[in-house]
Amino acid sequence: PRASGPIVGKPADSFWGKGNLEQVIGMRWMVWAGASIMVLGIGFFLKYAVEHGWIGPLARVILGLLAGLAMLGTGEAARRKAYRFLSQGLTGGGMGALYLSIYAASSFYHLIDAATAFLFMGLVTATGISLAVLQDALPIAVLSTLGGIITPVLLSTGEDRAEALFTYLGVLNLGVLGAAFYRRWRALDLVAYTGTILLYTGWFSSYYTPQRMVVALAGLAAFFLLFILI
């Protein structure tokens, strides 16, 4: 009957922000919880494989990358079939798996240097923001931006590389600017702004000297202009 029973074939986004608590929990929270469990499962599997010597470091990283890419591909397939929340959960989980695998390849196994990992994580962030705009999915955009903000912290070498850091943040915020052009996501703007300020403050408190005043002011001016545009 039209007035009762499940709505067969109705796109999941028809419930976005309109359903009752049971629908929100069942269609959004549980999907994201499942994606988080999958990412944790990948991490624990890699840890278990390391402890028991099943596979080498390269194979572990490759498996993690393949799992992340598979989740991204499955998320895109779910999006095409109008399973909105499932698509978002799979895409977010895939992003997390890619971040984890690249970080492990650099910091745990030393298969790639920090600069290469930095580049790959930046590409993952750009891909995540692009997918978020395509899917109109703010959670994916926030997750990708947070991953991009955390990247310099995870891959820090303990050296003053302000120019590289500020350039990276500029590119990241250009991505947020692009998202702001298509989607008016004020929450994403706030996340990017807060992360940029925290990273800049961290650099300033650790490395600033009067000889670096030009670099410090140039970075501030660039960020100021970017966020005015955003």
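Trainee: What should the 21 residues of H6 span at 1.5 Å a residue?

Mentor: They should span 30 Å, and since the end C-alpha atoms of H6 are 30 Å apart, the helix agrees with that expectation. The expected span is 1.5 Å times one less than the number of residues, and helices here are DSSP runs of H or I with at least four residues, strands being runs of E with at least two, numbered from the N terminus. Bear in mind that this is a predicted model, in which local features need pLDDT of at least 70 and side-chain atom pairs count only at pLDDT 80 or more, while totals for chains, interfaces and linings use all residues. Residues are numbered from 1 along each chain as its sequence is written, and side-chain values use heavy atoms, with hydrogens and water left out.

Trainee: Which residues of H6 are buried?

Mentor: Among them are Leu165, Phe166, Tyr168, Leu169 and Val176, where buried means under 20% relative accessible area, exposed means over 50%, and partly exposed lies in between, with a 1.4 Å probe and protein chains only. The buried residues of H6 pack against H4, H5, H7 and H8, a contact being heavy atoms within 4.5 Å.

Trainee: And what about H7, how far does it reach from its first C-alpha to its last?

Mentor: Helix H7, residues 186–207, reaches 31 Å with its 22 residues, close to the 32 Å expected. Seen down the axis of H7, the buried residues fall within an arc of 140°, so they line one face of the helix; that arc is taken from the directions from the helix axis to the C-beta atoms. The buried residues of H7 include Leu188, Leu199, Tyr200 and Trp203, and they pack against helices H5, H6 and H8.

Trainee: Which exposed residues does the face turned away from the buried side of H7 carry?

Mentor: That face carries Leu190, Leu198 and Ser205.

Trainee: Changing topic, what is the volume of the largest pocket?

Mentor: The volume is about 450 Å³. On a 1 Å grid over the protein atoms alone, a pocket is an open set of points where a 1.4 Å probe fits, with protein on both sides within 12 Å along at least five of seven lines, and lining residues have an atom within 4 Å of a point. Grid points are joined across faces, edges and corners, and the volume is the space filled by probe spheres set on the points.

Trainee: Which residues are closest to the centre of that pocket?

Mentor: Of the 18 residues that line the largest pocket, those closest to its centre are Pro152, Ser156, Glu159, Arg161 and Leu165. H4, H5, H6 and H7 each give two or more residues to the lining, and H7 gives the most, with 5 residues.

Trainee: Is Val61 buried or exposed?

Mentor: Val61 is buried, at a relative accessible area of 7%, and it lies in helix H2, residues 57–80. Leaving aside residues up to four places away in sequence, Val61 touches Ser101, Ala105, Tyr109 and Leu111.

Trainee: Where is Asp136?

Mentor: Asp136 sits in the loop between helix H4 and H5, where it counts as partly exposed at 31% relative accessibility. Its phi is near 55°, a positive value in a residue other than glycine.

Trainee: Last one, how many helices and strands does the chain have?

Mentor: The chain has 8 helices and 0 strands, and buried residues make up 37% of its 230 residues.
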